[in-house]
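Colleague: Before we discuss how the helices pack, could we look at the chain together and settle what the terms mean?

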Amino acid sequence: MNIVVRKLIAKEIYVNRWFIAGAAISGVVSVLIAGSGGKAAFNIGALTWVTTVIAFGVMLGIYGIANERKEHSLLFVLSLPLSTGDYVRAKQAGLLLTFLAPWLVSSAAAVALILVHADIPDGLVPFTVLLCVFMLANFSVVLCGALHATSEAWMTTLIIVTNMAVSVFMFSVVAIPGIGTSMLAPTAVWNDTVWAVLGLELLIFILALAMPWFVAARRRDFI
């Protein structure tokens with residue numbers, strides 16, 4: 001990895017530093033609201049927690065990639081001493097690291113709340129972990145799609161589909177007997193079904209990260 005690639009990765013993190021802090025704080029505050037007591041507070045906190053993580057990922061896809069394409073940043077890219085593949089990988093790594101920081105903070109806060117709060121069953125831990133990893137995989141799909149989308153229409157469709165996917169995932173996973181029936185258990189149940197869903201999520205995450213290396217990185221006018 002040459003120094004220009006490292007600087008581009010650092011640039012992405014620096015440019016988005018205040019968004020990273022804001023998203024991490026919002027995630028923690030949402031968890032605190034969820035644990036403040038009462039079903040209404042839990043639902044509001046959970047909703048704002050999910051919205052924070054998803055909205056942050058979408059924002060990175062729009063402002064980190066789509067807007068650069070719209071503003072014709074290709075001229076700037078062509079002036080850099082690096083290949084198209086290097087630029088795609090730098091953009092992907094920079095935005096992924098940017099997303100990981102608040103995602104890790106928000107995920108850890110949510111799991112910690114379940115484990116320390118006496119009124120929240122530990123059986124929710126596997127579902128929460130699956131939801132967190134799904135949102136990570138969902139972001140990798142947004143990132144992959146944004147690197148390949150060549151029009152605002154495709155980008156808009158991508159955002160709509162990935163946003164809807166979160167709700168579909170939650171309802172679908174809860175309906176799976178091996179997961180839904182143990183969500184209110186006093187202890188976390190890590191059965192084969194949970195590991196199978198987790199493995200599928202990680203596979204999607206890896207495939208979505210790998211695809212730009214073989215497609216977008218070989219384009220001459222990818223942005």
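Modeller: A residue is called buried when its relative accessible area is under 20%, and exposed when that area is over 50%. Please keep in mind that this is a predicted model.

Colleague: With that cut-off in hand, is F99 buried or exposed?
Modeller: The relative accessible area of F99 is 2%. Buried means under 20%, so by that cut-off F99 is buried.

Colleague: How many aromatic pairs does the structure hold, counting rings of Phe, Tyr and Trp?
Modeller: Two such rings pair if their centres lie within 6.5 Å. By that criterion the number of aromatic pairs in the structure is 4.

Colleague: How are the rings of F56 and F99 arranged?
Modeller: The ring centres of F56 and F99 lie 6.2 Å apart, with the two planes at 15°. The pair links distant parts of the chain, since F56 belongs to helix 3 (residues 39–70) and F99 to helix 5 (residues 84–116), 43 residues apart. F56 is buried, having a relative accessible area of 6%. Planes under 30 degrees apart count as stacked, so the arrangement of F56 and F99 is stacked.

Colleague: Which aromatic cluster includes F99?
Modeller: The rings of F99 and F139 have centres 4.1 Å apart and planes at 5°, so this pair is stacked. Because F99 lies in helix 5 and F139 in helix 6, the pair ties together parts that are 40 residues apart in sequence, and both F99 and F139 are buried. The aromatic cluster is formed by F56, F99 and F139.

Colleague: How do helix 6 and helix 9 run relative to each other?
Modeller: The axes of helix 6 (residues 124–148) and helix 9 (residues 192–214) come within 8 Å and cross at roughly 20°. Angles under 35 degrees count as roughly parallel, so helix 6 is, relative to helix 9, roughly parallel.

Colleague: What is the handedness of the crossing of helix 6 and helix 9, and how do the residues of their contact divide by class?
Modeller: The crossing of helix 6 and helix 9 is left-handed. Among the residues that make the contact are L130, F134 and V141 of helix 6, together with V197, F205 and E201 of helix 9. By class, the residues of this contact divide into 19 nonpolar, 2 polar and 1 charged.

Colleague: How does helix 5 run relative to helix 9?
Modeller: Helix 5 and helix 9 pack with their axes 9 Å apart and at an angle of about 150°, and their crossing is right-handed. Angles over 145 degrees count as roughly antiparallel, so helix 5 is, relative to helix 9, roughly antiparallel.

Colleague: Which residues of helix 9 meet helix 5?
Modeller: The contact of helix 5 with helix 9 has 7 nonpolar, 1 polar and 1 charged residues. On the side of helix 5 stand V88, R89, Q92 and L96, and the residues of helix 9 that they meet are F205, A208, L209, P212 and W213.

Colleague: How many charged residues does the contact of helix 6 with helix 7 have?
Modeller: Helix 6 and helix 7 (residues 152–174) pack at an angle of about 165° with axes 10 Å apart, which makes helix 6 roughly antiparallel to helix 7, and the crossing is right-handed. The contact includes F127, N138 and G145 of helix 6 and M155, T162 and F169 of helix 7. By class there are 15 nonpolar and 3 polar residues, and the number of charged residues is none.

Colleague: Which residues does E12 touch, leaving aside those up to four places away in sequence?
Modeller: E12 has its place in helix 1 (residues 3–15), and at 5% relative accessibility E12 counts as buried. With residues up to four places away in sequence not counted, E12 touches E68, K91, G94, L95 and T98.

Colleague: Which residues does S107 touch on that count, not including residues up to four places away in sequence?
Modeller: S107 lies in helix 5 and is buried, with a relative accessible area of 11%. Not counting residues up to four places away in sequence, S107 touches W49 and C132.

Colleague: What separates the C-alpha atoms of G38 and D119?
Modeller: G38 is found in the loop between helix 2 (17–34) and helix 3, and at 53% relative accessibility G38 counts as exposed. G38 and D119 are 81 residues apart along the chain, and their C-alpha atoms are separated by 9.7 Å.

How values were computed: Residues are numbered from 1 along each chain as its sequence is written. This is a predicted model: local features need pLDDT of at least 70, side-chain atom pairs count only at pLDDT 80 or more; totals for chains, interfaces and linings use all residues. Side-chain values use heavy atoms; hydrogens and water are left out. Axes are lines fitted to C-alpha atoms, for helices over the stretch in contact, and angles run from 0 to 180 degrees between N-to-C directions. Helices (H or I, at least four residues) and strands (E, at least two) are DSSP runs, numbered from the N terminus. Angles under 35 degrees count as roughly parallel, over 145 as roughly antiparallel, 65 to 115 as roughly perpendicular and the rest as oblique. A crossing is left-handed if the near helix is turned anticlockwise from the far one by less than a right angle, and right-handed if clockwise. Contact means heavy atoms within 4.5 Å. Ala, Val, Leu, Ile, Met, Phe, Trp, Tyr, Cys and Pro count as nonpolar, Asp, Glu, Lys and Arg as charged, and the others, Gly among them, as polar. Rings of Phe, Tyr and Trp (its six-membered ring) pair if their centres lie within 6.5 Å; planes under 30 degrees apart count as stacked, over 60 as edge-to-face and the rest as tilted. Buried means under 20% relative accessible area, exposed over 50%, partly exposed in between (1.4 Å probe, protein chains only).
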